[in-house]
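Good morning. I'll take one protein today and go from the whole chain down to a single sheet. Please have a look at the screen.

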Amino acid sequence: MKNFFVTLCFIIANIIVFAAPGDTVFVKTFTFSDINARRNTFYFPTGTQTWEKILMYYTIKCDAATTADSYPCGEWDYTTYTNVYKHTGVLDSTQYTHPKYTVNNTNFETLSGNSNPKYHFFEKVFEKTNYSYSNLNTTNVLNANININSGINPQNKDYKIYMLYSADLLSASGLTAGEITELDLATTSGTETLEFPCKLKISTTNLTSLSNQNVSQLTFTTVFDGYLFYDETTGKLHFSFTTPFIYNGTSSLVIELSSYENIHAINFSGEENIENTFLFTQESDNYLGIENLTYIPVPKEAFAPIMNEISISLWLYGDPILQPQNDWLFEGVDADNQRQISSHFPWSDSHVCWDAGNDGSGYDRIEKAAVTDEYEGKWNHVVFTKNATTGSMKVYLNGVLWHSGTGKYKPVQNISKFVIGSSASLNQNDCYDGYIDDFCIWDKELSLSEIQQIIYDRPQSSNPNLLVYYDFDEDLSADQHIIDKSDNNFDTELWGTLRRKSYKNVGRFKNFEIGNSLQQLTFYSGDYTPTTETVNYTTQELLNPYLLREFYLADTYTVLTANTFLYYPEYELTTHANLTIDTT
């Protein structure tokens, strides 16, 4: 018996097979009802006949019933391919080659590097304003009764805090409308002299409490952006505003303090039992860059509980130079390499696609055209959900339902390979370009209220529906290992270019702790004469290393035997104050 394989990109109506002269045998294969069939096995009649000639006839047509897209004739319906295979039953050997070494998942001829970290230095100029008063007024707000843990410590390095002072509190303290020129924050930092870059902002508001979500809606004015010198004799952080802040005398004030390169522990003095008026960053918050052939595999065991419901949530920031383009944000396939789940965010036509569920006849999809700021140039929180029982598929953008579809009943099943940042086939041109953070996989359809709870706050690691949680908060100098912060321990590692990044100061916008105390401060105002002085300082940022991998041959397959992070020798960057860049 011989097997007859046919692979087509069109719908085939009939195939006719002729036997010996005078005797015709018809073998009917694909019909117009086989709308999703692409390949199958068709058997010749049994017996001792020999076949002199085999002719294949097929009819192609456009069909509105096609499920691949919304068009009777879609973008792929222009060519057909037919492959006929004759199986001999003999296993042939195919030569396979694999490089002994790769760098960032690619081959190379020669490479030079060392393990000493290299940095990008930023030279900055700060025009500090000094005020000389002929009539000075100071307004003290609150008393310095307790020590307040601010979350500012050498381990974090970058931090941000928010402090809300109500209009009633400011009025009772004696603050009136007019210019505010300087500000003191009382500390308990001891006798150590501190120097570090930081930024201070102020916003007027009608808020009565602070939360992760509402603070992001405020509009701030930057009053200090430079290098701060802490004088241990005063016990205060003193900020001399670059430009006076105009207070209207009736609003509450929110003060934002942040730093992206601080190696000091700083605590403040103030009063307690003032609920929801203090936000601070207790832990560091980093994210991951994806570019070139870079991807993150997720262990297939993580998907064992998934069948009828799934949700995937993450923060993403598309590269504004490269997006939109044809790439994959993630993809999962089954053992037959059929797509079970994936997303383009977006495709080159700016359409966002969410695919979930495949019963062998094709996958369910919803898609929608997106505008530029929904996929590039800014951070967006995205949640994809699928419920095969109700037939619902949804995409949420920044806590709001953005797109949905019904009648999507195909289950998500038997995922054997799942990749973040690329297609499952790992083609270099399929890789996403941008940044991602807080990637979570859930075995249920998240509701709107559940989604709104996790946008700006970390999910609970003990949540029984949380299968995977990669927050990418490993240290910036850490290796390629990525820790699963759920209770399931599905740790993994990054393949490709390692680009760990920090939000630094003003970039921090989530995962704040809420305090029940508030810092004592002093406002300065009055009649003054300003002068300026120039302060030069330099900050630094760790350059991305490259990943050298070594393999060896074990029987008929290759095994990864070593990972080494290297930096290009004698290579560093310096960005000068005039924004010119030098390399060494």
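The protein chain holds two helices and 38 strands. Keep in mind that this is a predicted model.

Some totals for the chain. There are 584 residues, and buried ones make up 47% of them. The chain exposes about 28,200 Å², with 48% of that area supplied by carbon and sulfur atoms. Now take the contacts between residues with a separation of 6 or more: 76% of them join residues 24 or more positions apart.

In what order do its six strands lie? The order is S17-S26-S19-S20-S21-S22, in an open sheet with antiparallel pairing. At the edges are strand S17, residues 296-298, and strand S22, residues 363-369, and each of these pairs on one side only. On average, neighbouring strands here are turned by 15° against each other, direction ignored.

Let's look at two of the pairings. Strand S19, residues 330-333, runs antiparallel to strand S26, residues 417-420, and four bridges join them.

How many residues lie between S21 and S22 in their hairpin? There are four, and Gly360 in the turn has a positive phi of about 100°.

One general point for reading strands on the screen: in a regular strand, side chains alternate between the two faces of the sheet.

That's all from me.

Technical notes: Residues numbered from 1 in each chain as written. Predicted model: local features only at pLDDT ≥ 70, side-chain atom pairs only at ≥ 80, totals over all residues. Heavy atoms only, no water. Pairing = 2+ DSSP bridges. Axes fitted to C-alpha atoms, helices over the stretch in contact; angles between N-to-C directions. Buried < 20%, exposed > 50% of the residue type's maximum accessible area, 1.4 Å probe, protein only. Contact = heavy atoms within 4.5 Å. Areas by Shrake-Rupley, 256 points an atom, 1.4 Å probe, with all protein chains shown as cover.
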